[in-house]
Protein chains: 2
Amino acid sequence: MKHLDFWFEFASTYSYPAAMRIEKLAAERGVKVRWHAFLLGPIFKAQGWRDSPFNLFPAKGNYMWHDMQRVCQRYNLPFVKPSRFPLNGLQAARIACWYQDAKWLSAFVKAVFQANFVKDLNIADPAVLEQILNDLQLDAEAILTQAQSVESKARLQAANQQAVRLGIFGAPFFIAGQEPFWGQDQLELALDWCLHSEANLSSFG
Amino acid sequence: MKHLDFWFEFASTYSYPAAMRIEKLAAERGVKVRWHAFLLGPIFKAQGWRDSPFNLFPAKGNYMWHDMQRVCQRYNLPFVKPSRFPLNGLQAARIACWYQDAKWLSAFVKAVFQANFVKDLNIADPAVLEQILNDLQLDAEAILTQAQSVESKARLQAANQQAVRLGIFGAPFFIAGQEPFWGQDQLELALDWCLHSEANLSSFG
């Protein structure tokens with residue numbers, strides 16, 4: 001089965017519509033989605049940014065918030081500009097990374113994005129994550145404890161190193177075979193590429 | 001008649017496919033294009049960048065060059081990665097800004113983009129611009145002299161100040177009424193917005 005690698009960061013605005021849209025679009029094309037949580041913070045820091053580029057560069061930030069409203073309206077997704085941005089998605093990312101193959105993974109990821117970009121909740125707060133896990137009928141305590149483990153931390157660090165090796169510099173980022181696509185508006189193109197990937201060998205990287 | 005403001009920079013890779021595609025797409029929708037040359041250099045410098053972000057951030061640059069090949073292939077546009085990037089488009093921008101309403105303006109703009117991104121010519125070289133103007137049967141000497149005048153320099157500076165006031169931070173940038181669109185892949189959306197702009201009043205800025 002063809003698959004698409006979907007790299008997302010919980011603090012990334014445009015990752016939210018991508019996460020909400022990807023399953024239906026992938027299913028329509030018979031493509032399997034592989035969900036990869038990672039952190040943009042270390043990648044930005046390595047290039048000298050100590051904050052989101054949307055905060056560092058106000059014109060770009062103004063545009064993004066306007067565009068996010070427009071994009072979410074286009075896809076009939078609710079959107080509420082968070083009162084704080086960016087929030088720290090570290091704990092949520094450790095969970096999503098460790099439980100990458102769990103059946104409930106996509107439901108968890110979507111609920112965290114909705115907490116951040118619809119309910120204006122602080123996803124860095126363990127109580128918010130606990131509530132999300134409880135709502136999914138999961139063992140919140142066991143999952144949150146696992147996320148604090150040395151191996152969970154190492155797993156996310158390894159994912160971030162892989163992201164850097166793959167040339168990922170922003171989110172959402174999609175990889176179809178070896179073909180990279182950056183930005184939520186490239187989602188359909190990335191999925192379509194999966195269906196024709198043998199005819200379009202990439203020379204990227 | 002509805003119109004779309006098209007802001008472009010001659011050194012901007014993604015401005016090239018936008019410039020090549022916009023006339024046909026606009027004509028199909030009965031939209032008039034207003035061409036606005038400006039310079040990204042001063043805008044980047046104001047936010048601390050002394051070079052193109054595609055050079056400053058190599059992962060982003062690698063992706064862009066790969067994506068440019070893909071984008072141009074999609075639209076059947078020739079593309080040759082220039083041996084130097086970014087080139088200085090100052091003289092060309094002064095011409096395009098001063099002669100904004102000339103009938104030959106779009107032909108000149110497209111020829112400069114083709115010189116940069118197809119023929120790998122140095123668009124900072126007055127001889128290259130002279131050849132382009134000659135090929136268009138224009139009075140190259142008069143136009144190049146005018147571009148060096150105090151008023152032509154002031155006109156481009158004013159255009160750049162207007163770009164900053166409009167919240168423009170990259171290129172290509174499209175404005176439909178007050179609604180902003182950044183990126184060549186937003187061109188169709190921007191043109192479609194022109195047709196529905198009264199029903200979609202923007203609150204941007």
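Guide: Copies are superposed by least squares on the C-alpha atoms of residues with pLDDT of at least 70 in both. The model is predicted. A rotation of 180 degrees, with 0.0 Å of shift along its axis, places chain B on chain A at an RMSD of 0.0 Å.

Visitor: What makes that relation one of a two-fold axis?

Guide: The rotation is 180 degrees and the shift along the axis is 0.0 Å, which means that the relation is that of a two-fold axis.

Visitor: Which C-alpha of chain B is nearest the axis?

Guide: That of B:Asp185, at 4.3 Å from the axis.

Visitor: How do you know that the same surface serves both copies?

Guide: Of the contact residues of chain B, 100% recur in chain A. Contact here means heavy atoms within 4.5 Å.

Visitor: Why is B:Ser152 called buried?

Guide: Buried means under 20% relative accessible area. B:Ser152 has 0%, so B:Ser152 is buried. The residue is part of helix α9 (residues 150-165) of chain B.

Visitor: Is A:Ser152 buried or exposed?

Guide: The relative accessibility of A:Ser152 is 0%, and therefore A:Ser152 counts as buried. In chain A the residue is found in helix α9 (residues 150-165).

Visitor: Which residues does B:Ser152 contact, leaving aside neighbours within four places in sequence?

Guide: B:Arg94, B:Trp98, B:Gln146 and B:Ala147. For A:Ser152, not counting residues up to four places away in sequence, they are A:Arg94, A:Trp98, A:Gln146 and A:Ala147.

Visitor: What makes the pair of B:Ser152 and B:Gln146 a polar contact?

Guide: A polar atom of the B:Ser152 side chain lies 2.6 Å from the backbone oxygen of B:Gln146. The cut-off is 3.5 Å for a pair of N or O atoms, one able to donate a hydrogen and the other to accept it, so the pair at 2.6 Å counts as a polar contact.

Visitor: Why are β1 and β2 of chain B said to pair?

Guide: Pairing requires at least two bridges between the strands. Strand β1 (residues 3-8) of chain B and β2(B) have six bridges, in the parallel sense, so the two strands pair. For B:Asp5, the bridge partner in β2(B) is B:Arg34.

Visitor: What is the order of the open sheet of four strands in chain B?

Guide: The order is β2-β1-β3-β4, and the pairing is mixed. The edge strands are β2 (32-37) and β4 (179-182) of chain B, each of which pairs on one side only. From one strand to the next, the twist averages 20 degrees.

Visitor: Which helix of chain A lies across β3 and β4 of chain B?

Guide: Helix α4 (residues 58-74) of chain A, which runs at about 105 degrees to β4(B).

How values were computed
Residues numbered from 1 in each chain as written. Chains lettered and ligands numbered in written order. Predicted model: local features only at pLDDT ≥ 70, side-chain atom pairs only at ≥ 80, totals over all residues. Heavy atoms only, no water. Buried < 20%, exposed > 50% of the residue type's maximum accessible area, 1.4 Å probe, protein only. Axes fitted to C-alpha atoms, helices over the stretch in contact; angles between N-to-C directions.
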